[in-house]
Amino acid sequence: MKINFKATNISLGEEITDYCREKLSRLEKLLASDENAFVDVEIGKTTRHHKHGEIFRTEMNLHSNGQSFRAEATTEDLYASIDQAKDELSSKIKRYQKRQRTLIRRGGRALKDFLRGVYNLHV
């Protein structure tokens with residue numbers, strides 16, 4: 001899996017990129033069928049007039065097998081925002097894969113019911 005990093009209002013150090021790569025490597029198990037998957041990660045510090053302190057934002061866009069998944073998290077801790085975005089992305093991927101399995105099974109079930117109906121007509 002390829003990972004592209006972008007920093008907004010902060011400088012990305014090796015420690016942050018390594019931490020993010022470690023977290024995203026766990027997604028590779030879910031995407032074992034696609035070797036060309038890539039993730040765009042944007043990590044930044046947002047400052048707004050009504051918030052005090054440092055607010056970090058992490059956005060992840062994953063492109064795999066023609067599908068796109070997006071996750072965003074905003075917290076007061078940089079590493080927590082990376083974790084939350086990764087967890088949200090993981091749950092979206094799992095939900096999509098479960099939906100695909102359900103559709104395949106539903107199609108197989110419909111075909112089986114159709115074949116049973118044809119068999120019962122000839123007997």
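Visitor: In β2, which residue is the bridge partner of Lys6?
Guide: In this predicted model, local features need pLDDT of at least 70 and side-chain atom pairs count only at pLDDT 80 or more, while totals for chains, interfaces and linings use all residues. Residues are numbered from 1 along each chain as its sequence is written, and side-chain values use heavy atoms, with hydrogens and water left out. Strands β1 (residues 2–8) and β2 (residues 38–46) run parallel and are joined by seven bridges; two strands pair if DSSP finds at least two bridges between them. The partner of Lys6 in β2 is Glu42.

Visitor: Is the β-α-β unit of β1, helix α1 and β2 left-handed or right-handed?
Guide: Helices (H or I, at least four residues) and strands (E, at least two) are DSSP runs, numbered from the N terminus. A crossover is right-handed if, with the strands pointing away from the viewer, the path from the first strand over the helix to the second runs clockwise. The unit of β1, helix α1 (residues 14–25) and β2 is left-handed.

Visitor: In β4, which residue is the bridge partner of Arg57?
Guide: Strands β3 and β4 run antiparallel, with nine bridges between them. They form a hairpin with two residues between the strands, and Asn65 in the turn has a positive phi of about 50 degrees. Across in β4, Arg57 is partnered by Thr74.

Visitor: Is Thr58 buried or exposed?
Guide: Thr58 has its place in strand β3, and its side chain makes a polar contact of 2.8 Å with that of Ser81. A polar contact is a pair of N or O atoms within 3.5 Å; within protein, one must be able to donate a hydrogen and the other to accept it, and residues adjacent in sequence count only if both atoms are side-chain atoms. Buried means under 20% relative accessible area, exposed over 50% and partly exposed in between (1.4 Å probe, protein chains only). With a relative accessible area of 0%, Thr58 is buried.

Visitor: What is the angle between the planes of Phe69 and Tyr96?
Guide: The structure holds two aromatic pairs; rings of Phe, Tyr and Trp (its six-membered ring) pair if their centres lie within 6.5 Å, and planes under 30 degrees apart count as stacked, over 60 as edge-to-face and the rest as tilted. Tyr19 and Tyr79 form an edge-to-face pair, 4.8 Å centre to centre and with 80 degrees between the planes. Phe69 lies in strand β4 (residues 67–75) and Tyr96 in helix α2, so their pair ties together parts that are 27 residues apart in sequence. This pair is also edge-to-face, with centres 5.5 Å apart and an angle between the planes of 70 degrees.
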